[in-house]
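Please look through the sequence and the model shown here before reading on.

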Amino acid sequence: MGNPPAVREGEKGFAFRLYMQHRESMLGFFRRALREPEDVADAMQELYLRLARQPDLESRCQNQKAYLFTVATNLVNDGLRKKYVRSLDLHVSLDHDTLEAKGPSPEEVESLRQQLRLVQSTCDTLSDGERQAFFMHRVNRMTYREVSSELRVSERTARRWVVQALSRLQDALGSSS
């Protein structure tokens with residue numbers, strides 16, 4: 001944004017006289033339109049600045065009071081428009097989609113808890129070798145070769161234990177649904 005136009009001395013005098021002559025009616029207008037005292041004071045200051053910066057104000061101003069009310073109305077409309085635009089940023093939509101929780105619903109949480117308890121109880125029925133092979137392979141992401149080496153069994157046995165554990169878990173979860 002550039003600097004505002006400079007105020008020439010002769011225009012400044014006319015703008016000041018015009019402002020002072022209609023000051024009370026402009027104050028009343030702004031008080032009715034804006035209500036907040038600081039907004040009224042800001043509008044009065046802006047009114048004077050716009051008058052003072054207006055080139056050839058004296059020659060352009062045929063009906064002084066009408067001209068002042070036009071400028072004042074524009075100031076009020078500009079202020080209301082700015083407040084409206086700012087309030088859009090504060091607006092929170094109450095659409096159903098935005099009100100929904102981002103995580104699982106309480107019903108889904110309970111269902112997941114039941115499935116977890118079922119997995120835990122099924123894991124308790126596995127042999128030590130099956131349970132260890134399953135966790136090493138599926139949780140720790142170890143290869144069958146690494147599992148067999150760690151448990152000191154053949155790779156084929158490690159694979160069988162993992163497959164048996166998976167089969168039991170799938171059966172348990174499948175029968176629960």
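Which exposed residues does the face of α9 turned away from its buried side carry? In this predicted model, that face holds R145, S149 and E150, each of them exposed. The buried side of α9, a helix that spans residues 144-151, is made up of Y144, V147, S148 and L151. Viewed down the helix axis, these buried residues fall within an arc of 95°, so they line one face of α9.

R141 sits in the loop between α8 (128-139) and α9, and its phi is near 60°, a positive value in a residue other than glycine. Most residues other than glycine have a negative phi. The side of R141 open to solvent can be judged from its relative accessibility of 66%, which means that R141 counts as exposed, the cut-off being over 50%. After α9 comes R152, whose phi is likewise positive, near 60°; R152 lies in the loop between α9 and α10 (155-176) and is exposed, with a relative accessible area of 77%.

Taken as a whole, the protein chain has 10 helices and 0 strands, and 28% of its 177 residues count as buried. Among the contacts between residues at least 6 apart in sequence, 64% join residues at least 24 apart. The accessible surface of the chain comes to about 13000 Å², and 52% of that surface belongs to carbon and sulfur atoms.

Note on methods:
Residues numbered from 1 in each chain as written. Predicted model: local features only at pLDDT ≥ 70, side-chain atom pairs only at ≥ 80, totals over all residues. Heavy atoms only, no water. Helix = DSSP H or I, 4+ residues; strand = E, 2+ residues; numbered from the N terminus. Buried < 20%, exposed > 50% of the residue type's maximum accessible area, 1.4 Å probe, protein only. Contact = heavy atoms within 4.5 Å. Areas by Shrake-Rupley, 256 points an atom, 1.4 Å probe, with all protein chains shown as cover. Arc of directions from axis to C-beta.
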